[in-house]
Amino acid sequence: QVQLVESGGGLVQAGGSLRLSCAASGSIFRINAMGWSRQAPGKQRESVAGITSGGSTNYADSVKGRFTISRDNAKNTVYLQMNSLKPEDTFVYYCNAQGLYWDLTRFDSWGQGTQVTVSS
């Protein structure tokens, strides 16, 4: 199995910054895509940002220019730098990783989530 452990969430004032981290561990042969999604209670989870093993990135329109996703392949870790935070960025943030186990079967794993709260 693959475990994803997120950290870096918390409470911040509007206009502030937070950096989320997510480290993957387990029987990992290769991680292809990694990303971040967010979800409010009772709402559907939405994709925020994604990054491939080669470094190609994509962002939701709502966070473009404010959030930056990056990864350290050697550490199997993905980051989300969040700047100019707004109250509407208040969600539980989840990281996701897709790749291959050592036996070359695929995995698609999620972290437990970390709360981000932005006060006005």
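Mentor: The accessible surface of the chain is about 6300 Å². Carbon and sulfur atoms hold 47% of that area. The areas come from the Shrake-Rupley method with a 1.4 Å probe, and for residues only the protein chains shown count as cover. This is a predicted model, where local features need pLDDT of at least 70, side-chain atom pairs count only at pLDDT 80 or more, and totals for chains, interfaces and linings use all residues. Residues are numbered from 1 along each chain as its sequence is written, and side-chain values use heavy atoms, with hydrogens and water left out.

Now inwards. Of the 120 residues in the chain, 42% are buried (under 20% relative accessible area; exposed is over 50%, partly exposed in between; 1.4 Å probe, protein chains only). The chain has 11 strands and zero helices (DSSP runs numbered from the N terminus: strands are E, at least two residues; helices are H or I, at least four). The radius of gyration is 14 Å, close to the 14 Å of the globule rule for 120 residues, so the chain is as compact as a globular protein of that length. That radius is taken over C-alpha atoms, and the rule is 2.2 Å times the number of residues to the power 0.38. Along the principal axes, the C-alpha atoms fill a box of roughly 50 × 30 × 20 Å. Take contacts with a separation of 6 or more: 55% of them join residues 24 or more positions apart (contact means heavy atoms within 4.5 Å).

Here is the part to look at closely. The structure holds one disulfide (cysteine sulfur atoms within 2.5 Å). Cys 22 and Cys 95 form this bond, with 1.9 Å between their sulfur atoms. Cys 22 lies in strand β3 (residues 18-26) and Cys 95 in strand β9 (residues 91-101), so the pair ties together parts 73 residues apart in sequence. Cys 22 is buried, at 0% relative accessibility. Cys 95 is buried too, also at 0%.

Next, the rings. There are three aromatic pairs (Phe, Tyr or Trp rings, the six-membered one for Trp, with centres within 6.5 Å; planes under 30 degrees apart are stacked, over 60 edge-to-face, the rest tilted). One of them joins Phe 91 and Tyr 93, edge-to-face, at 6.3 Å between centres and 85° between planes. Phe 91 is buried at 15%, and Tyr 93 is buried at 0%. Another joins Tyr 101 and Phe 107: centres 5.2 Å apart, planes at 55°, so this pair is tilted. Tyr 101 and Phe 107 are both buried.

Two arginines also meet rings. Arg 45 lies over the face of Tyr 94, 3.7 Å from the ring centre. The charged end of Arg 19 sits over the ring of Tyr 79, 4.1 Å from its centre. The test is NZ of Lys or CZ of Arg within 6 Å of the ring centre and within 35 degrees of the ring normal.

Finally, the loops on either side of β9. Most residues other than glycine have a negative phi. Ser 84, in the loop between β8 (77-82) and β9, has a positive phi near 50°. Ser 84 is partly exposed, at 42%. Leu 104, in the loop between β9 and β10 (106-110), has a positive phi of about 70°. Leu 104 is exposed, at 53%.
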